[in-house]
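Please look at the sequence and the model below, and keep both in view while reading. The report takes up individual residues and sheets in turn.

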Amino acid sequence: QSQNGAALVASADVASVTATLQAATGALSGVYVETAGAVPTDLMFNGLVEGAVSGASINAAGGIVRVRNNSTLRNRDNSSQSVAFSSEASGPNAAVAIDNRGDVVGAVRFGAGADLFDNSGLWNGAGAVHDFGGGQDQFINHVAGRFIAAGNANVAEVTRLSNLERVVNRGLISLADGGADDVLIVGGDISFAAGSVLAVNINGAADTDLLSASGTVELNGVT
């Protein structure tokens with residue numbers, strides 16, 4: 001794991017893992033974590049975490065992995081379409097919960113568990129395919145949360161939240177980059193809480209940004 005900025009490997013007989021990182025940069029991943037058993041794992045990022053393949057990579061055989069990001073998690077190229085976070089769940093009870101209170105720039109990839117992405121900061125995922133994998137997954141965009149689904153006025157961007165059963169928006173989801181024809185595709189249900197915002201560009205009746213959901217869309221006072 002020498003090409004990772006920080007690597008943590010836990011055997012099956014470890015009771016739990018807790019780690020706080022100030023910063024980590026790697027040729028592969030900024031942070032690489034591998035657990036061999038049902039090991040509860042808590043990670044906190046207090047500084048820049050970035051890698052050329054992914055910012056952070058998790059391979060969990062079981063147990064829940066909780067990641068709290070207080071700084072910036074991204075791919076080294078700082079592109080919203082490159083992989084910022086990836087996880088692989090090889091065990092039946094493996095799951096990942098991200099608590100983002102800083103900035104996440106890029107795509108996320110989850111494994112087979114029931115994963116959760118709590119966003120109270122900024123997530124710039126414009127133009128990327130975000131694959132939430134198997135399980136009953138959720139993305140909750142809290143009141144202070146900002147999810148950027150389009151960022152280039154000169155490109156008709158398509159952002160996909162794939163294999164995601166539920167999105168709850170209490171903050172801002174933005175397609176408003178100055179150019180119409182951007183699309184956000186949600187693979188499941190999406191609900192908008194009272195006071196939440198969906199920002200779009202409209203350039204005439206036939207030229208507008210679009211939100212498309214495979215499941216139900218629930219509007220409760222969205223603006």
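Ser 86 has its place in strand 10, which covers residues 83–89. The model is a predicted one, and the values given for this residue and for the others in this report should be read with that in mind. Is Ser 86 buried or exposed? With a relative accessible area of 18%, Ser 86 counts as buried, because the word is used for residues under 20%.

Which residues does Ser 86 touch, if those up to four places away in sequence are not counted? They are Ser 54, Ala 56, Ser 57 and Ile 58, together with Arg 109.

## Gly 37 and its surroundings

Once its neighbours within four places in sequence are left aside, Gly 37 is in contact with Ala 12, Ala 61 and Gly 62.

Distance along the chain and distance in space can both be given for Gly 37 and Ser 120: the two are 83 residues apart in sequence, while their C-alpha atoms are 30 Å apart in space.

Strands of a sheet pair through backbone hydrogen bonds, in either a parallel or an antiparallel way. In this model, eight strands form an open sheet in the order 3-6-9-12-15-18-21-24, and their pairing is parallel. At the edges stand strand 3 (24–26) and strand 24 (197–199); each has a single partner strand, so one side of each is left without a neighbour in the sheet. On average, and with direction ignored, neighbouring strands of this sheet are turned by 5° against each other.

Another open sheet has nine strands, arranged in the order 2-5-8-11-14-17-20-23-26 with parallel pairing. Its edges are strand 2 (17–21) and strand 26 (217–219), and because each of these has a single partner strand, one side of each has no neighbour in the sheet. From one strand to the next, the twist averages 10°.

Strand 14 (residues 116–119) and strand 17 (residues 138–141) pair in the parallel sense, and four bridges join them. In strand 17, Ile 140 is the residue that Asp 118 stands opposite.

Note on methods
Residues are numbered from 1 along each chain as its sequence is written. This is a predicted model: local features need pLDDT of at least 70, side-chain atom pairs count only at pLDDT 80 or more; totals for chains, interfaces and linings use all residues. Side-chain values use heavy atoms; hydrogens and water are left out. Contact means heavy atoms within 4.5 Å. Two strands pair if DSSP finds at least two bridges between them. Helices (H or I, at least four residues) and strands (E, at least two) are DSSP runs, numbered from the N terminus. Axes are lines fitted to C-alpha atoms, for helices over the stretch in contact, and angles run from 0 to 180 degrees between N-to-C directions. Buried means under 20% relative accessible area, exposed over 50%, partly exposed in between (1.4 Å probe, protein chains only).
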